[in-house]
Amino acid sequence: EGAGLGSSDSGGSGFSLAATALPERRRPGGGRPRYEVVRELGAEEVRWFYREDRKTWKPFIGYDSLRIELAFRALGSGGGAGEPAAVEPVCVRSGLYEVDVASAESYPVYWNQTEKIPVMRGQWFIDGTWQPLEEEESNLIEQEHLNRFKGQQLQESFDMEISKPVDGKEAIHSLKLSRNHVDWHSVDEVYLYSDATTSKIARTVTQKLGFSKASSSGTRLHRGYVEEATLEDKPPQTSHIVFVVHGIGQKMDQGRIIKNTAMMRDTARKVEEKYFSNLATHVEFLPVEWRSKLTLDGDTVDSITPDKVRGLRDMLNSSAMDIMYYTSPLYRDELVKGLQQELNRLYSLFCSRNPEFEEKGGKVSIVSHSLGCVITYDIMTGWNPVRLYEQLLQKEEEELEERWMSYEEQRLLEELYVTKQRLREIEERLHELKASTISKPPVLKFKVENFFCMGSPLAVFLALRGIRPGTSGSQDHILPRTICNRLLNIFHPTDPVAYRLEPLILKHYSNISPVQIHWYNTANPLPYEHMKPNFLNPSKEATSAPDTESASAAPSPTTSPVMVRRHYGESITNIGKASILGAASIGKGLGGMLFSRFGRSSATAQSMETGKDGPEGDEKKATTVGTPPLPHSSSGFLEPTVELEHRIDFELREGLVESRYWSAVTSHTAYWSSLDIALFLLTFMYKQDQEETDKSSLDTI
């Protein structure tokens with residue numbers, strides 16, 4: 001949105017990008033459009049700005065600015081009898097915000113935000129930066145300019161060099177403001193001067209040295225924005241929405257997911273401009289804040305918290321406590337319903353404001369972080385701990401039938417079995433009657449195209465629920481494709497909360513490294529579907545067995561025991577491990593349990609061969625190891641055998657100078673602003689659009 005802002009000494013020459021969109025309305029040097037005589041500014045010459053987090057003013061794109069200005073003029077025209085006209089809020093910034101022209105404020109549509117975003121109408125702008133003057137001063141200068149010069153002829157030549165003789169000119173008109181004054185050296189040569197004491201002294205000294213007043217201390221002003229606003233300058237149509245779901249700790253830092261989503265959105269915009277600018281569609285990211293509306297236990301936990309080290313205890317209550325709430329049968333449903341309702345609310349609101357989204361086959365993906373992955377998974381699959389309880393009861397019944405029983409026990413068990421069978425039949429009939437009169441709405445109002453897990457402990461939850469590896473390489477083993485088309489698990493190698501999902505589908509994938517996510521700036525990267533599986537380093541012990549013994553005892557690929565393998569944290573010594581984990585658990589407030597990833601057997605870690613850090617070292621070592629648990633070629637890649645239909649585990653590459661001690665603390669929250677992750681997400685979401693575009697290009701050729 002800031003494209004085309006250039007700096008120049010004489011009126012904005014020398015900028016490119018968006019400034020080339022309307023060449024017929026510009027000077028050869030790249031200045032703003034001009035008219036032959038001075039008149040009131042047109043709606044297209046005014047530019048509206050917004051300011052977030054007290055930073056610099058950012059310009060709205062032409063499409064937004066023009067519509068805000070038209071609403072502003074409709075407001076000023078009045079609704080009769082001196083009353084201001086009622087003006088509808090203007091939808092801006094790809095539909096994420098609305099502008100209330102009357103109060104000069106902007107606010108988000110899809111989430112709550114305590115701080116309103118101020119907006120400002122720009123008429124006069126500072127040379128070079130093209131930042132607007134404050135509205136009050138701008139209005140006074142504009143009024144004075146029209147009173148003095150309205151109807152006068154402007155310079156016909158568009159050559160910006162003719163403005164140089166201003167050094168020798170005296171001001172033909174001047175206007176005193178509260179802390180500044182403005183001098184007009186000609187109709188379109190206007191300078192702003194500060195009236196602060198230091199500025200006056202500096203001006204006097206430089207003028208005595210022979211410098212002109214304008215060149216020594218004046219700031220040149222421009223009337224009208226550098227780029228004309230047009231309705232054609234609008235964002236592309238949204239074809240894919242991404243719901244971003246937070247994990248634990250939202251109570252501790254309310255609004256954090258909104259900032260994290262904004263970081264992810266801004267990063268994705270940069271990636272879109274660089275890699276997907278040829279596509280006419282657009283991916284939108286919406287934050288899903290589900291925690292703040294929940295009451296849970298009220299303040300019961302706070303009331304039983306001791307006062308000593310209260311700050312640390314409050315941090316744990318606001319973060320790690322969410323895990324305990326979710327494992328509690330009393331509060332689990334409240335968390336699930338909170339997220340489910342928020343997802344459905346956002347989708348319904350988006351579709352009501354963008355009716356063409358569903359008509360054109362718009363898609364929905366979910367990006368979840370940490371505990372949010374588990375809750376999202378349970379919503380999509382409908383998993384409930386009651387099911388697990390029923391399975392345990394059934395298992396107990398089977399065990400009872402197997403042991404010896406007296407005649408009386410056997411008779412009572414048969415009666416119990418018949419009674420339960422009759423109860424199930426009655427429940428089924430009742431359910432059918434209800435279903436015929438009331439159709440149960442789906443849990444989610446949309447089909448999930450891609451489910452991206454970031455820093456996810458989902459694999460641990462599934463393992464503790466009894467999920468075990470199968471013999472098929474299908475994602476359906478843990479998440480049916482009818483529910484979600486693609487499951488992708490993204491993690492940093494040192495994230496202590498993240499676990500792998502692939503070994504839960506096929507056991508031998510615990511010895512196959514996750515797919516390495518490409519660097520953002522990799523030239524011509526190999527597509528992920530073409531990347532061959534590569535082994536992790538097996539232990540030295542695997543190579544010590546004689547060839548005949550290993551050949552005769554070769555187990556089945558899908559049932560082979562998981563071999564001892566290298567861990568990501570192997571280079572951390574016991575002392576260093578203890579110190580960094582202690583510091584991390586205090587600093588992040590997540591408790592030692594989140595760092596159990598590093599608590600594996602030190603004897604196992606010490607028995608490994610210490611390898612080079614980073615993916616390059618791993619790949620080199622993989623080519624020199626002995627007999628792995630699966631047949632493989634000398635290059636370290638797998639020969640064709642039972643493989644996954646699609647890879648699920650994707651690993652970020654470690655930085656070349658990245659400290660594992662420090663990244664163990666920071667990696668769990670470092671996903672949001674990663675350009676590598678933004679490119680990865682968009683690669684999968686734009687996959688179909690990209691293929692269609694490439695196909696149409698080939699057809700044309």
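Predicted model: local features only at pLDDT ≥ 70, side-chain atom pairs only at ≥ 80, totals over all residues.
**A sheet and the helix packed on it**

Residues are numbered from 1 along each chain as its sequence is written, and side-chain values use heavy atoms, leaving out hydrogens and water.

Strands here are DSSP runs (E, at least two residues), and helices are runs of H or I with at least four, numbered from the N terminus. Two strands pair if DSSP finds at least two bridges between them. Strand S12, residues 237-245, runs parallel to S13, joined by 8 bridges.

Now zoom out. Which order do the strands of the open sheet take? The 7 strands go S13-S12-S14-S15-S16-S18-S17, with parallel pairing. S13 and S17 (515-516) are the edge strands, each pairing on one side only. Helix H20 packs on this sheet, touching S12, S13, S14, S15, S16 and S18; contact means heavy atoms within 4.5 Å.

Is S13 mostly covered or uncovered? Mostly covered: 7 of the 8 residues in S13 (281-288) are buried. Buried means under 20% relative accessible area, exposed over 50%, and partly exposed in between, with a 1.4 Å probe and protein chains only.

Last stop, H20 itself, residues 675-685. In H20, 9 of the 11 residues are buried, so the helix is largely enclosed by the rest of the structure. Among them are Phe680, Leu681 and Leu682.

Key. Axes fitted to C-alpha atoms, helices over the stretch in contact; angles between N-to-C directions.
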